[in-house]
Amino acid sequence: MGKMIKIGIADLNVCKAPDSITTLGLGSCIGIALYDKTTKIGGLVHIMLPDSTQIRNNTNKAKFADTGIEELVEKVTKAGANRASLKAKIAGGAKMFEVSGNTGVGNVGERNIEAVKKKLKELNIRIIAEDTGLNYGRTVELHCETGEYHIKAVGKPLKII
């Protein structure tokens, strides 16, 4: 039984078996897990927003889908994961607030999902499982021993993808 590494919002880290890595309270945010099953090295990034190009002087790469995923790929490969073997699992992107009219504000979750998928496709990393959308928050754990991505939500059974 390894240790559990915790990451915060707009944060990322790397994990090697037997350890696991977790992030709490994904609402419209998305937890992107990258994993190489041969080396059992993975990583998790908790992104908040789809696109860093809208923000000047962005110092926090993990906050955005585009820069956060790039940074995570760099860190897991530095840790010894094989870039070509990386697979992604994603969770989150919920619509947490009902907003009248299509202001885009209520739909950050949806925009995050689109941005994450677009970036992973650009980087040629296949999404092999996802639990996204709907209207509830999630806590996720990537177990580097098995590659399982555990998704917990209040009042819902544990989901493993």
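This is a predicted model: local features need pLDDT of at least 70, side-chain atom pairs count only at pLDDT 80 or more; totals for chains, interfaces and linings use all residues.
An open sheet is formed by five strands in the order β1-β3-β8-β9-β10, with mixed pairing. Its edge strands are β1 (4-7) and β10, each of which pairs on one side only. Within this sheet, strand β3 (residues 20-26) runs antiparallel to β8 and is joined to β8 by five bridges, and isoleucine 21 is placed opposite leucine 142 of β8. Strand β8 (residues 138-143) is in turn paired with strand β9 (residues 148-152), again in the antiparallel sense and over five bridges, with glutamate 141 facing histidine 150 of β9. Strands β8 and β9 make up a hairpin in which four residues lie between the two strands, and glycine 147 in that turn adopts a positive phi of about 85 degrees. The pairing continues from β9 to strand β10 (residues 159-160), which is antiparallel and comprises two bridges; here lysine 159 in β10 is the bridge partner of isoleucine 151. A hairpin is also formed by β9 and β10, with six residues between the strands and with glycine 155 in the turn at a positive phi of about 75 degrees.

The largest nonpolar core contains 24 residues, of which Ile32, Leu34, Val116, Leu120 and Ile125 touch the most other members. Two or more residues are given to this core by each of β2 (11-16), β4 (30-36), β5 (41-47), α1 (65-78), β6 (87-92) and α2 (108-122), and the largest share, five residues, is that of α1. When residues up to four places away in sequence are not counted, valine 116 is in contact with Ile30, Ile32, Ile47, Ala65, Ile69 and Ile90. A second, separate core is made up of 17 residues, including Ile5, Ile7, Ala33 and Tyr149.

With regard to the cysteines, cysteine 15 is classed as buried because its relative accessibility is 1%, and cysteine 29 is likewise buried, with a relative accessible area of 11%. A search of the whole structure returned zero disulfides.

The largest pocket has a volume of about 250 Å³. Its lining consists of 13 residues, among which Pro50, Asp51, Asp66, Ala115 and Lys118 lie nearest the centre of the pocket.

Several backbone features were found in the loops. The peptide bond that leads from alanine 17 to proline 18 is cis, with omega near 10 degrees, and proline 18 is located in the loop between β2 and β3. In the loop between β4 and β5 lies lysine 40, which, although not a glycine, has a positive phi of about 60 degrees; lysine 40 is classed as partly exposed because its relative accessible area is 29%. A positive phi, near 65 degrees, is also found for asparagine 124, a residue other than glycine, which is situated in the loop between α2 and β7 (126-132).

Conventions
Residues are numbered from 1 along each chain as its sequence is written. Side-chain values use heavy atoms; hydrogens and water are left out. Two strands pair if DSSP finds at least two bridges between them. A nonpolar core is a set of buried Ala, Val, Leu, Ile, Met, Phe, Trp, Tyr and Cys residues joined through side-chain atoms within 4.5 Å. Buried means under 20% relative accessible area, exposed over 50%, partly exposed in between (1.4 Å probe, protein chains only). Contact means heavy atoms within 4.5 Å. A disulfide is a pair of cysteine sulfur atoms within 2.5 Å. On a 1 Å grid over the protein atoms alone, a cavity is a set of points where a 1.4 Å probe fits but cannot get out, and a pocket is an open set with protein on both sides within 12 Å along at least five of seven lines; lining residues have an atom within 4 Å of a point. Grid points are joined across faces, edges and corners, and a volume is the space filled by probe spheres set on the points.
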